[in-house]
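Reader: Please take me through the terms used for this model. I would like each label set against its cut-off.

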Amino acid sequence: MTEILEKLQETFGDRVSPSQSIDQTVVHVAAAEIVSVVTFLKSQGFTMLIDLSAVDYLRREPRFDVVYNLYHNGHRQWLRLIVQVGGEEPQVPSITHVFASANWAERECYDLFGIRFRGHPDLKRILMPDDWQGHPLRKDYPLTGTDPLPPLVRE
Amino acid sequence: MAETELGKVDPETGLKPMVINLGPQHPSTHGVLRVRLALDGEQIRACEPVIGYLHTGIEKNCEDLTFNQAITLTDRMDYLSPITNNFGYVLAVEKLLGVEVPKRCQYIRVMFAELSRIASHLVWLGTSAMDMGAMSPFFYCLQQREQILDLIESAAGTRMNPSYFRVGGLLNDLPPGFIERLKKFLDGFPRWLQEYHRLLDQNPIWLERLKGTGVISLEQALDYGWTGPALRASGIDRDLRKWNPYSSYEDFEFDVVTAEEGDVYARYSVRMREMEESLKIIRQVMDNLPEGAWHVDSWKIYPPNKADIGRNMEALIYHFKLFTEGIRVPAGETYAAVEGPKGEIGYYVVSDGSGKPYRVRVRGPSFYNLQALPVLVQDRMLADVVAAIGSIDIVLGEVDR
């Protein structure tokens with residue numbers, strides 16, 4: 001595990017910064033590098049993308065953490081990658097061509113957080129209705145609303 | 001839920017495939033799953049699962065509840081095995097708190113997790129056999145599942161949404177007479193398991209429909225993030241109970257069941273043998289169950305008991321604080337996962353130091369497993385879709401959350 005991390009730092013220098021969080025290794029990655037970092041880690045044995053999601057830190061800039069969770073079947077360990085993005089229209093390169101499991105996860109992330117994944121083959125809402133306004137898991141999105149419910153049947 | 005162009009006109013024949021909807025209200029989809037299929041005759045040219053019909057915003061709602069209240073929502077995701085949902089969540093919160101529950105609590109948790117694994121597999125077996133036209137296994141399976149739900153009810157008070165695991169412990173210790181009732185179930189169940197085998201193993205229709213259907217290679221399964229019995233049926237022994245043991249799983253002896261073929265039948269046989277392994281674990285827990293404390297000894301995490309509240313002013317204050325403000329969990333973030341009946345159910349919990357979680361991300365196995373459905377059914381017959389969906393063992397409550 002430490003070997004892989006050393007190699008990762010050798011290859012990417014200061015564009016990645018590993019740290020330790022409780023019992024797991026976390027690597028902060030620059031948004032522009034995520035595809036090459038994930039490709040590199042996959043070649044090092046991290047053959048599974050277990051999860052991809054985001055966290056909204058409303059008052060922080062950059063505002064969002066996009067969290068990738070990889071698993072190494074040889075070392076039997078998880079590795080967390082975090083990409084920070086912000087701005088009016090947060091954007092991250094898509095990793096669907098590296099891991100097939102990223103497809104729906106990125107769509108969900110777009111649906112609920114409004115983070116766009118550049119290069120995703122079919123980026124559209126997955127859980128909310130197509131014509132929904134807003135992204136529910138953002139912290140500035142209210143838990144309950146006063147607006148009337150959208151019609152149940154579409155014409 | 002947007003629709004994409006599925007059926008393209010074949011340039012050679014000039015024919016357009018027929019697009020049909022399977023679901024969202026279809027008995028074989030085990031919930032409200034809609035599958036759009038482009039058909040050429042009875043062969044599937046393209047397949048697109050459409051989800052979101054059961055989205056209830058559980059992750060959003062968790063952010064507005066205290067750490068213990070949020071447990072009740074985790075029950076409602078994979079409602080066939082609510083105990084394992086509780087399990088992953090409380091482990092994540094306990095990891096943030098930096099506490100470890102006493103051995104007795106860990107053992108009881110393992111016991112209930114294995115019981116609910118059997119209960120979940122029984123529903124899967126019954127329903128997927130019914131999808132294939134075999135009615136009787138369904139009744140026999142649900143009858144045995146009812147015995148497990150009775151056991152859960154006697155400990156937690158509810159059958160379906162027990163919320164039995166709490167941060168730092170359990171709702172209650174085991175009720176009087178529980179072990180005897182459990183013993184009765186353990187004595188009777190193996191005979192039923194044999195009965196299920198006898199009903200299906202030699203059944204020519206069952207074998208014909210299952211063998212060679214819905215094949216996925218190990219490489220593809222890993223690529224799609226498959227976990228649990230579905231992945232193990234493709235030839236890898238990835239089981240978090242062995243690979244990343246939690247809650248004293250390393251104390252118990254059991255085998256990880258695998259198969260090589262990666263088809264529907266392989267997934268069937270893996271789950272069937274897994275139930276036997278679960279029985280093994282439950283027996284070991286029963287024989288070695290330690291006496292003593294069953295929750296952490298800290299009023300900041302686990303509420304004081306009623307007798308103390310009556311006598312002790314401090315206990316009263318802690319009790320009041322716990323139920324009005326919730327447990328103060330140190331700021332931080334962590335990921336904890338358990339091996340559920342359907343696969344890795346993981347929780348990424350972020351705390352900002354208050355009594356409510358800042359963010360709860362649920363990594364549901366059904367969500368990732370379902371995504372590979374198009375791989376399983378590509379260029380197969382329409383009827384194989386039903387077999388394939390049954391074999392992934394999805395629960396839409398967890399897919400949509």
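**Helix pairing, core and interface**

Author: α5(B) and α6(B) are roughly antiparallel to each other, because angles over 145 degrees count as roughly antiparallel. This is a predicted model: local features need pLDDT of at least 70, side-chain atom pairs count only at pLDDT 80 or more, and totals for chains, interfaces and linings use all residues. Residues are numbered from 1 along each chain as its sequence is written, and chains are lettered from A in the order in which they are written.

Reader: At what angle do the axes of α5 and α6 of chain B cross?

Author: The axes of α5 (residues 136-156) and α6 (residues 178-200) of chain B cross at roughly 165° and come within 10 Å. Axes are lines fitted to C-alpha atoms over the stretch in contact, with angles from 0 to 180 degrees between N-to-C directions. α5(B) passes α6(B) in a left-handed crossing (the near helix is turned anticlockwise from the far one by less than a right angle).

Reader: What makes Leu373(B) a residue in contact with others?

Author: Contact requires C-beta atoms, placed from the backbone, within 7 Å. Not counting residues up to four places away in sequence, Leu373(B) touches Cys47(B), Pro49(B), Ala388(B), Ile389(B) and Ile392(B). Leu373(B) is also among the residues that touch the most other members of the largest nonpolar core, which has 146 residues. Helix α4 (residues 103-131) of chain B gives the largest share of this core, 15 residues.

Reader: How many residues of chain B are in contact with chain A?

Author: 34 residues of chain B are in contact with 32 residues of chain A. The chain B side divides into twelve nonpolar, ten polar and twelve charged residues.

Key: Two residues are in contact if their C-beta atoms, placed from the backbone, lie within 7 Å. Ala, Val, Leu, Ile, Met, Phe, Trp, Tyr, Cys and Pro count as nonpolar, Asp, Glu, Lys and Arg as charged, and the others, Gly among them, as polar. A nonpolar core is a set of buried Ala, Val, Leu, Ile, Met, Phe, Trp, Tyr and Cys residues joined through C-beta atoms within 7 Å. A residue is buried if 20 or more other C-beta atoms lie within 10 Å of its own, exposed if 12 or fewer, and partly exposed in between; C-beta atoms are placed from the backbone. Helices (H or I, at least four residues) and strands (E, at least two) are DSSP runs, numbered from the N terminus. Angles under 35 degrees count as roughly parallel, over 145 as roughly antiparallel, 65 to 115 as roughly perpendicular and the rest as oblique.
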